[in-house]
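Student: I'd like to learn how to read a model like this one, feature by feature. Can you walk me through it?

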Amino acid sequence: MKQNILRHFRHIILLFCSVILPIFLTAQNTVSGIVTDAQDGTTLIGASVAIQGTGRGTVTDFNGAYSLTLEDGTYTLVASYTGYITQVMELTLSGGQSISQDFVLNAGVGLDEVVVTASSTFRSQKQAPLSISSLRMKEITKLSANSQADILRSIPGITAEGGGGETATNLFVRGLPSGGQYTFNPLQYDGLPLMTTFGLNSSAHDVYARPDIGFKGVEFVRGGAAILYGAGSAAGIINYTSKTGDTNPGNIVNLEVADQGRLKTDFYSGGQLGGKDSDTYYAITGFMRYDEGPYDTGVPTRGGQLRANIKKVFDKGSFTVHTQFINDRAQFLMPLPLEGGSRERLDGNDGEPVSQLMTGELSNTSFLTAGGVYNSPYEDGVYTKGGYALGEFEYKLANDLKFKSKARLANYKHSFALYVGGNGANGGNPITLDRFMDVVAPDNTGFTANYHGVNGEMRGSDLVVENLHVDRIRPMTDYSGEASLTKRIETTDGSHNITLGTFIGRSEADDINFQYRVISEFNNNPRLVDISYMDTTGQSVVFSQGGINNRIGQTSNNYLRQNRTAFYLTDEVIADKWRIDIGARYEFTTGDFSRGNIVSSQVYDDPALSPELANVQFADGSFTRASIDASGLAVSLAALYEMSTSTNLYANFSRGYFFPQFRGFAPIATGVTGRDYAPEVIIQGEAGVKFGNEKLSGSLAAYFVTLQDRISITNSFVNGQLEQVRRDEQNTATIGIEATWDYKLVDGLSLRGSFTFQDHEITKNEREDLINGTTESTNEGNELARQPNVLAFLGLYYDKSGFDAFVTTNYTGAKFTSDDNTIELDPINIMRLGAGYTFGIGDNEETLRLGFNVFNLTDSQGITEGNPRALVEGEGAFFFGRPILPRRLFFTATMNF
């Protein structure tokens, strides 16, 4: 027995010496270094240093430093960072070496830039089997971009209509119908949407926040895995990523001035909190601006935004708190009557072309209601006051296991002043005062018309126009959060990166409208008109008072709440020359809709007032309530094959869903919405090639998109009020091709561009008249409204030896104003021209860039949209449309110190 024990003991010793001991004796080699910017030498925080062909790697810390522990062997290290060209270095390690290997990265050319949205790993755009576009904040700042349309219209496959001004951009993604705004693609800041659920009211995501210089840049990821992570999006995710401070303190001040009375100051400051050994960092950014343009509306755009974050770094992770506060008023421009045929501006009474019909004389408008005095926020335009707090936590549980979570709370006081010029119930288009009175009071025996607040009588031959003003009162509270766990599993020829995650959100919004009608002269920044007339009985009738001819009052009193809960599972596979993404997402939603009842009552006793001035609508405090629930399933499969070091083939397919806008499912009785609430189904696929080398990068792809059970609600005028009048349920189909390129002509000079062609049609359209209750099939075979067949962008950029310049053009092809395809808008071109020079100051660590740029160099007559509130569009003496914003000259001074 003793011999057996000794024999077994010898076996154990032998096993330890032959198998276990070598593991401990194998040399562990260390590779470490820093990653810096080639242009200014600053360290790059969060840069990826990965081992090619595996899922192994790390990211740089707040000193730009990294460290890897590796066994003996030959490795290819890949250093990459958003906006920079990937750098590759091959190393052979043995015998417990400790090697220092630094990386110096140059500014990126197209597909070499790293993408961080809709992915669980660091990878360049060329390595991702999706369509991805990005812009760095340095480029955006040079544009003097004042709206999301200015920023996003250069991104392939996007139609961005910014004719309304700085906010409420109408955004259309290739192949999908939309009423505009951000219907299918959420706008995100730091990975969470500005509003979790779209459609509780009709305010766009960009009314809650503005772009500033405190972002690294913006990414737009569409198709494939974009439908799986976070809030999910069938059409794509637009994600802005904030700068965070580091050990190298930095400050930026950007001063911008423009014609028509614009002044704006942006600032950024970031650095280390505490002493040099501190692991806590800060960044603060924001802007203030005042703008009387681009047109004189009598009420300026004014306000500002402040954002900040604090980041705490510890051995295995970090915790970051982001905050935002905004108090801003931005004027919003609507379609107006134009000349029929030519679609040019009409001349006003003063002989000047009329570009807009808003008037400063409506500021501080108020009137009585059954609930007290109503004070219209007309002069506030698109008003937003409030903010959010976002917490972001990352922790490495093990070398192959990481946990991420985010949580956000937002609360905003928000109203949207919508001045619909020329959409009158009594003649509408500009007509002479004499003719107008023949329409509104055909039996009058005489009238007087005076300009409000001044001594001046209006002539009967002068033009007047009737306008509708809508105050949309829409406070909003939003809660959202995401948590995920990613496990890396090594294989003999690659790795799996498996992510299990969940997303939750709750949105609460009011949808309260007040409306009133206004009579004004037909001029820019027009004067209001007070009118009285004698009726057939000899009685004096006050037709308009303070310019108002109909105090309609409150037209809606709705409260909506919607919850979302989603779970997703994804795997990003790296296998030799293959990269494969596969995943699924399940989500369910519930919601509550409280529709308030509206009644009309007489609140003014003056017998001379017309009924439209004496009677005012208001909520009576009663509600009809109903609830909805629905669920959706999304699946995605994408693959990329590395043909060579410069060329990759890729393809992706996804089946996604979109929950319809809840406000289109108003209760008709307690517990009854009148129609089923079910997700819209979106199927899309894409296949193409990505290529990139030191001179040229780009992509070429073919794609298809189908949409089933799309719900579209049309608002139009009923008895002088803006109401929901029809509901369309559609199926659509689109095929297309898309190309992008970035070609380095010579050192410092590059040519960038994109081209998108799409052939789209409505394959089914069931229309319900919400006023008369009738249904019909219509528009089948027509093209999608407001979607052009051709989109193109071309830009020439120069940046060398301190001097930079650019000239770009955005082409939007012809498009129909509505699904009826009766009115087609001509193509438009938006050209921009800019240049600047950067000076070294002091010890040359500080710089000053002086620059200029011109927006819309050549096309001030283009029309971006027709009249989306017209049930039947026609073109006779007048055409209703929204012109492109006019040419504007900007000067900028940017100080880095």
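Student: Let's start with one side chain: is tyrosine 208 buried or exposed?

Tutor: Buried means under 20% relative accessible area, exposed over 50%, and partly exposed in between (1.4 Å probe, protein chains only). Tyrosine 208 counts as buried because its relative accessibility is 0%. Before we go on, this is a predicted model, where local features need pLDDT of at least 70, side-chain atom pairs count only at pLDDT 80 or more, and totals for chains, interfaces and linings use all residues. Residues are numbered from 1 along each chain as its sequence is written, and side-chain values use heavy atoms, with hydrogens and water left out.

Student: How many aromatic pairs does a search of the whole structure find?

Tutor: Rings of Phe, Tyr and Trp (its six-membered ring) pair if their centres lie within 6.5 Å; planes under 30 degrees apart count as stacked, over 60 as edge-to-face and the rest as tilted. The search of the whole structure finds 28 aromatic pairs. One of them joins tyrosine 208 and tyrosine 412, which are tilted at 35° between the planes and 5.1 Å centre to centre. That pair links distant parts of the chain, 204 residues apart: tyrosine 208 is in the loop between strand 15 (192-193) and strand 16 (215-222), while tyrosine 412 is in strand 27 (residues 401-420). Strands here are DSSP runs of E with at least two residues, numbered from the N terminus. Tyrosine 412 is buried too, with a relative accessible area of 1%.

Student: Which residues form one aromatic cluster?

Tutor: Phe367, Tyr374, Phe514, Tyr516 and Phe618.

Student: Which arginine lies over the face of tyrosine 451?

Tutor: A charge sits over a ring if NZ of Lys or CZ of Arg is within 6 Å of the ring centre and within 35 degrees of the ring normal. For tyrosine 451 it's arginine 527, at 3.6 Å from the ring centre. Arginine 752 lies over the face of tyrosine 797 at 4.0 Å.

Student: What does strand 27 pair with?

Tutor: Two strands pair if DSSP finds at least two bridges between them. Strand 27 runs antiparallel to strand 31 (residues 476-491) over twelve bridges, and alanine 407 has glycine 481 in strand 31 as its bridge partner. Strand 31 also pairs with strand 32 (residues 494-521), antiparallel over 16 bridges, with threonine 477 opposite glutamate 508 in strand 32. Strands 31 and 32 form a hairpin with two residues between them.

Student: Which strands stand at the edges of the open sheet?

Tutor: Five strands make up that sheet, with mixed pairing, in the order 11-16-17-14-15. Strand 11 (131-136) and strand 15 stand at the edges; each has a single partner strand, so one side of each is left without a neighbour in the sheet. Inside the order, strand 14 (residues 187-189) and strand 17 (residues 237-242) pair in the parallel sense over three bridges, and leucine 187 has isoleucine 238 as its bridge partner.

Student: Where is the positive phi in the hairpin of strand 19 and strand 20?

Tutor: At glycine 274, with a phi near 95°; the hairpin has six residues between the strands. Strand 19 (residues 262-273) and strand 20 (residues 280-291) run antiparallel, joined by twelve bridges. Serine 269 stands opposite isoleucine 284 in strand 20.

Terms used. Helices (H or I, at least four residues) and strands (E, at least two) are DSSP runs, numbered from the N terminus.
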